[in-house]
Amino acid sequence: MAIEIKNRKWRWLNGLRDRFIADNLPATLFAAALMGLFGALATVVFRELLGWAQMVLGGEDAPHGMVSLARGLDPWQRFLMPAIGGAIAGVILQMVTRWLPKRGAADYMEAISIGRGVIGLRQTLARSLSSIFSIGSGASIGREGPMVQLAAMFSSLTGRFLLLPPRHLRLLVACGATAGITSAYNAPIAGALFISEIVFGVISSATLVPLVVSSVVANIVTRQILHYDAVFHMPHFEFVSGWEVINYLGLGVVAGLVAPQFLRLLDTARATVSCLPFPLWVRMALGGLIVGALSVINPQVWGNGYSVVNSMLHTQWAWQAVAAILLMKILATAASAGSGAVGGVFTPTLFVGAALGALYGTGLQSLIPLDGLSPVSSYAVVGMGALLAATTHAPLMSILMIFEMTLSYEVMLPLMLACITGYVIAHQIRPESVYAKSLANNRRAQKIVAKTSPDKDE
C-alpha cells in the first residue's frame with residue numbers, strides 16, 4: 001500500500017512537471033500559487049525568528065520595534081550592541097565563504113536574471129542567520145531583503161526537486177521572490193511589478209500573470225489568514241487644489257536631485273570599507289560602531305525605521321528634528337550597507353523619502369498659508385514614492401506601491417507627477433539605479449554562459 005501511494009505521488013508530481021514545462025497555463029498558475037504559499041510562510045518564519053531575537057535582547061519592549069528596544073538601553077549598550085551583532089554576523093559570513101562551497105546564485109536577482117534559477121540552500125540559510133544578528137542588533141538596513149531571498153530559495157528548491165529546466169525554474173524563483181515582496185510590504189500589485197520591471201526588465205503577460213497569482217496567494221496568507229498588519233499606517237491623503245501639483249512637481253525635482261547623491265554615498269561607503277585591511281567581521285563591527293555612536297545621540301536610527309516613518313505620517317515634527325534624523329539615518333544606512341551586512345536598502349529608501357517629503361512640506365508651510373496647502377503627511381507620502389522611483393528607476397512600481405499602501409485615489413495625480421519627475425531627473429544625473437551593478441554583472445554572466453554552453457530550453 002505504501003509503495004502504491006508513493007508511486008501515485010510521483011505520478012502526480014511528474015504530471016505537474018510535464019504540464020508546467022509544456023507551458024500549460026492552469027499548471028503554471030497552480031505552481032505560482034504554490035510558490036506564493038511557500039514564499040509567504042518563509043517570510044513569516046524569518047519575521048518570527050527576528051522578533052524572537054529582539055525579545056531575547058530587549059524583553060518586553062522588543063515587540064514594539066527596534067527603536068523602542070534602543071530607547072530601553074543605556075547609552076553604552078546602544079553604542080556597543082550594533083558592533084557586537086555586526087561582528088557575530090561577519091564571523092558567520094566568513095565561515096560561509098571558507099567552509100561552504102558555493103552552489104547557485106548569491107541572490108535571487110542573480111538567480112532570475114542569469115537564467116539558471118539555482119539558489120544555494122546552505123548559503124542562503126547562513127546569510128539569513130547573519131542578517132538576523134545584524135538587523136536584530138540595530139543595523140540600519142531592511143529585513144525585507146533576507147525575507148525575499150528565503151522565499152525565492154524555497155521556490156528554487158521546489159523547482160530543482162521537480163527537475164525543471166532553467167527557463168521554468170527561473171520563473172518559479174521569480175514567483176517566490178514576488179511572494180516575499182508582497183508579504184513584506186502588503187503590496188501585491190507592486191510586488192509583481194517589482195520583479196517584472198526591475199529584474200526581468202520587461203513587462204509581459206507570460207511572466208506577469210503567474211507573478212500576480214503568486215502575489216495574491218501570499219497576500220491572502222499573510223493578511224487574511226495570519227492577520228499580519230501593514231508595515232506603514234498611511235494617513236488620509238488630502239489634495240487641496242489643482243494648482244498644488246506644482247508643489248509636488250518640485251518635490252519630484254528634489255527627489256531626483258537627492259537620489260543620485262544618496263546612491264553615490266552608498267557606493268562610496270562600500271568601496272571605502274572594502275579597501276580596509278581588516279577581515280570582514282572587523283569591518284562589519286566598525287559599521288556597527290558608527291550606527292551605535294549615532295544611536296547614542298538619537299536611538300531612532302536603529303532598524304528599518306517603520307515606527308519613525310509612522311510617527312512622521314501622523315504627528316507634526318519640527319523641521320530641525322526631521323533634518324537631524326534624515327541626516328543621521330542616511331549615515332547609519334551607509335555604514336550598515338557599506339560594512340557588508342546582509343539586508344536591503346529598499347526600506348531605508350522609503351524612510352529617507354518620507355523624511356525628505358516631510359521636510360519639503362514643512363518648508364512650504366512656512367511660505368504658504370496653511371489653509372491653501374496639503375498637510376505635511378501628504379508630502380511625506382509622495383516623497384516616499386518619488387525617492388523610490390528615483391533610486392530604483394522603476395516609476396510604475398513605485399506609483400503602485402504607494403497607491404496600494406494608501407488605498408487613496410487622490411494620491412495618484414501628485415504621486416504620478418512626482419515619481420516620473422524624480423525618475424527622469426535622477427536618470428539624467430546617474431543612469432544606474434540602485435540595482436544596476438548587480439543586474440549588469442548578472443546579465444554579463446548570462447551572455448558568457450550563452451556563448452560557452454547555450455541552453456536549448458531557452
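Modeller: A residue counts as buried when its relative accessible area is under 20%, and as exposed when that area is over 50%. The model is a predicted one.

A search through the whole structure returns five aromatic pairs. One of the pairs joins Phe194 and Phe346, whose ring centres are 5.7 Å apart with 75 degrees between the planes, an edge-to-face arrangement. Phe194 belongs to helix α9 (residues 188–200) and Phe346 to helix α15 (residues 346–365), so this pair links parts of the chain 152 residues apart. Phe346 has a relative accessibility of 11%, and because the limit is 20%, Phe346 counts as buried. Phe194 is also buried, with a relative accessible area of 3%. Both residues belong to one aromatic cluster, made up of Tyr185, Phe194, Phe346 and Tyr435.

Another pair is that of Tyr248 and Tyr379. Here the ring centres lie 4.5 Å apart and the planes meet at 15 degrees, so the pair is stacked. Tyr248 sits in helix α11 (residues 245–274) and Tyr379 in helix α16 (residues 376–392), so the pair ties together parts separated by 131 residues in sequence. The relative accessible area of Tyr248 is 0%, which makes Tyr248 buried. Tyr379 is buried too, with a relative accessible area of 0%.

A further ring has a charged neighbour: Lys329 lies over the face of Phe351, at 5.1 Å from the ring centre.

As for the setting, the chain contains 19 helices and zero strands. Of its 458 residues, 56% count as buried. Among contacts in the chain with a separation of 6 or more, 79% are between residues 24 or more positions apart. The chain exposes about 19500 Å², of which carbon and sulfur atoms supply 67%.

Helix α4 has 25 residues and spans 37 Å from its first C-alpha to its last, close to the 36 Å expected at 1.5 Å a residue. Buried residues in α4 include Arg78, Met81, Pro82, Gly85, Gly86, Ala89, Ile92, Leu93 and Val96. An α-helix has 3.6 residues a turn, so residues three or four places apart point the same way.

Technical notes
Residues numbered from 1 in each chain as written. Predicted model: local features only at pLDDT ≥ 70, side-chain atom pairs only at ≥ 80, totals over all residues. Heavy atoms only, no water. Phe/Tyr/Trp six-rings, centres within 6.5 Å; stacked < 30°, edge-to-face > 60°. Helix = DSSP H or I, 4+ residues; strand = E, 2+ residues; numbered from the N terminus. Buried < 20%, exposed > 50% of the residue type's maximum accessible area, 1.4 Å probe, protein only. Lys NZ or Arg CZ within 6 Å of the ring centre and 35° of its normal. Contact = heavy atoms within 4.5 Å. Areas by Shrake-Rupley, 256 points an atom, 1.4 Å probe, with all protein chains shown as cover. Expected span 1.5 Å × (residues − 1).
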